[in-house]
Amino acid sequence: MKGKAIDILDQNRLMAVATVRPDGWPQCTMVGYANEDILIYFIISRRSQKFANIAKDDRVSLVVGRDFHDPSAIKALSIAARASEVRDGKQRARAVKLLLERHPGLRKLDPPGDDHSAVMRANPEIITILDYSKGFGHADVLTVSPGGVEMTPARDDDWGFGSVLKPVS
Amino acid sequence: MDETATQIFSSHRIMAISTVRPDGWPQTTLVGYANDGPIVYFLIFRASQKFANIANDNRVSLAVGDEPPDIRLAQAVYAGARASEITDPAARERAWQLLKQRHPNLVGTPMPDPSAAAMMQAECEHLCVLDYTKGLGHTDALNLPSERESNQRLEEVER
């Protein structure tokens, strides 16, 4: 099941990241990412509200997925993770390399300067895998801990739609 | 509402929505939506964590945008909004019509039973419009008066 989460991460490169502001408002923005196994790298500005939020509370929520033609083709992840800055020079260089491989368009831009850009990593703790090919609303939950990955049984919230929801014509 | 924000909201149909769990963790999911200006409509499962989160704290954050062919064309809108359930049957029916227009695959399916799915609205209060066509990293922030504040202002004018 972890393999399926990695597949979905590998097949995408844009995610929504939510942090919580000091005043308690959630704040959701979109960022490009690259992943290595289930470890997720992204770059944010040191001057951003997001960076300040993470410095205060490292709990973040990530979503990976895309619009769909056929509802039964929905494959998405909702992830609870802890985010931190990558300060180790070697790991930072590796993260930047992975990000440039996943986002070749970024090569046109100046490389991220350490004074302006923070390279971040998000370590998933709970991964919800949505796979509607198994039924509308089908979700498996993975809990990641140092001891390994544990899966809880699938939950199906089909909203009463059952299998009647048609592809978008 | 800002023209670029309106254009981005109106040309998409799925958004990321973040709520805050009672334990303080943010929680983000993708939902289909339809909007009428700065009011965004969506359905959520009544038994969902998201519904419980909103019942506990109605502040939500929305993100709409997709991947551009070139980062210099990136456009997205982020909104701080307050979410609430629509309980008035006529308002719920109107929201369902808007959702069906935006999501044609819903046409012909009955509105999900209100006992299972809640029809929600989110009223945008703070908007951040990211528009890299105006320059890399360009963002505009604007605040929209909430209905409550508008009413207060109206009352002040009337006084």
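Start by selecting chain A and colouring by secondary structure: along the sequence you will read α-β-β-β-β-α-β-β-α-β-β-β. That comes to three helices and nine strands, where helices (H or I, at least four residues) and strands (E, at least two) are DSSP runs, numbered from the N terminus.

Before going on, note that this is a predicted model, in which local features need pLDDT of at least 70, side-chain atom pairs count only at pLDDT 80 or more, and totals for chains, interfaces and linings use all residues. Residues are numbered from 1 along each chain as its sequence is written, and chains are lettered from A in the order in which they are written.

Stay with chain A and look inside: of its 169 residues, 32% count as buried (20 or more other C-beta atoms within 10 Å of the residue's own; 12 or fewer is exposed, in between is partly exposed; C-beta atoms are placed from the backbone).

Next, show both chains. The contact takes 35 residues from chain A and 34 residues from chain B, two residues being in contact if their C-beta atoms, placed from the backbone, lie within 7 Å. On the chain A side, select β1 (14-20), β2 (26-32), β5 (59-64) and β6 (75-85), each of which supplies at least two residues.

Finally, move to chain B and pick B:D131, in strand β7 (residues 117-131). B:D131 is partly exposed because 19 other C-beta atoms lie within 10 Å. Beyond its neighbours within four places in sequence, B:D131 is in contact with B:T4, B:Q75 and B:H138. For a last stop, draw a distance to B:R92: the two C-alpha atoms are separated by 33 Å.
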